[in-house]
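Please open the model in your viewer and keep the selection panel at hand.

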Amino acid sequence: VRYYRHLRDDLTRKLRRDYLKSLGDIVSKSKERERFASAPGFDKSLLRSGSARDALRRGGYYIDAPYEQSQPPAFVFQMSLPGSDSPHEVRIDFTPNGGLPHRVNLLIGRNGTGKTQLLAHLAQSLYGIGNLGGDKSELLGTAEIVDGSPEFSRIIAISYSAFDEFPIPKKEPHRGRKELFDYKYCGLRNASGAIDVDELKIMFEGAMEAVSSEDRLDILQSLVDRVLGTSVAAQFASDKTYRDDLFGRMSAGQRFIIAVEADVVGF
């Protein structure tokens with residue numbers, strides 16, 4: 001979807017129209033989709049990731065073309081761990097229900113029952129392309145989405161525990177440290193999976209570059225305002241020297257919250 005937003009913001013209407021026509025873009029010409037939507041490669045290749053399916057549905061909003069409103073995800077996820085008598089089955093539903101909050105689903109379980117493994121399997125299943133870490137031994141058991149077809153444009157795993165162990169995207173020279181297409185890990189481990197006390201600073205500096213390039217400093221400023229207060233939020237977002245000095249003097253909790261917020265905003 002970000003791709004189509006850039007086309008809207010960075011090109012004139014005529015240049016954008018000529019560009020999309022030359023590419024044969026099916027978001028701008030939805031009727032063209034019918035010519036080959038039934039081909040096996042359409043779903044298995046072009047729409048193999050959640051962000052691609054999301055762009056197909058919603059990208060038209062940014063280029064004056066037909067688009068679909070996203071429905072709140074609702075699906076059933078099932079995971080089987082080695083030695084278990086039966087699979088774990090989790091019903092995940094973000095559909096509004098009365099006046100109750102519907103943006104959060106809470107997972108509760110005893111230690112050792114597989115919560116971290118379930119979340120890692122869930123991220124991999126939603127991500128939709130192979131194994132996140134490229135090593136099948138890193139995840140125990142099997143998992144699948146058995147009811148519903150959830151589509152997410154981004155999968156973000158945030159972990160502040162030094163004891164959490166689950167696959168994170170491996171370093172790819174053309175993609176960056178811990179970001180793989182539409183999946184990102186925000187936490188204390190580096191790209192090799194080891195705990196690194198300097199990781200928050202590295203994550204924060206990389207995130208700020210992305211926030212600036214995507215012109216989202218105003219979004220980050222509003223979040224920093226809630227953590228550090230209005231008096232420092234504006235200068236923190238816009239002044240690197242001031243930001244680096246203040247980041248070093250923050251508490252451990254503040255540094256983690258700010259680094260994660262910047263990483264999510266810049267993704």
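A residue is called buried when its relative accessible area is under 20%, and exposed when that value is over 50%. The model on display is predicted.

Select Phe236 to begin. Its relative accessible area is 0%, so Phe236 is buried. Leaving aside residues up to four places away in sequence, Phe236 touches Phe204, Val224, Leu228, Tyr242, Arg243, Leu246, Met250 and Ile258.

How many residues make up the largest nonpolar core, in which Phe204 and Phe236 touch the most other members? That core has 22 residues. Two or more of its residues come from each of H6, helix H7 (217–228), H8, helix H9 (240–249) and helix H10 (252–265). In general, nonpolar side chains of soluble globular proteins tend to be buried together.

For a view of a separate region, select Ile92, Ala123, Ile155 and Tyr185, which are among the 19 residues of another core lying apart from the largest one.

Next, display the aromatic rings.

Now select H8 and colour its residues by accessibility. Which residues of H8 are buried? They are Val232, Ala233, Phe236 and Ala237. These residues lie on the same side of H8 because they cover an arc of only 125° around the axis. The buried residues of H8 pack against H6, H7, H9 and H10. Turn to the face of H8 directed away from this buried side, where the exposed residues Ser231 and Ser238 are found.

Move to Tyr61, Tyr62 and Tyr67, which form one aromatic cluster. Tyr62 has 15% relative accessibility and therefore counts as buried.

Finally, select helix H2 (residues 13–23), which contains Lys14. Is Lys14 buried or exposed? Its relative accessibility is 51%, so Lys14 counts as exposed. Show the side chains of Lys14 and Asp18 together: a polar contact of 2.8 Å joins them.

Conventions. Residues numbered from 1 in each chain as written. Predicted model: local features only at pLDDT ≥ 70, side-chain atom pairs only at ≥ 80, totals over all residues. Heavy atoms only, no water. Buried < 20%, exposed > 50% of the residue type's maximum accessible area, 1.4 Å probe, protein only. Phe/Tyr/Trp six-rings, centres within 6.5 Å; stacked < 30°, edge-to-face > 60°. Core = buried A, V, L, I, M, F, W, Y, C linked by side-chain atoms within 4.5 Å. Helix = DSSP H or I, 4+ residues; strand = E, 2+ residues; numbered from the N terminus. Contact = heavy atoms within 4.5 Å. Polar contact = N/O pair within 3.5 Å; in protein donor to acceptor, adjacent residues only side chain to side chain. Arc of directions from axis to C-beta.
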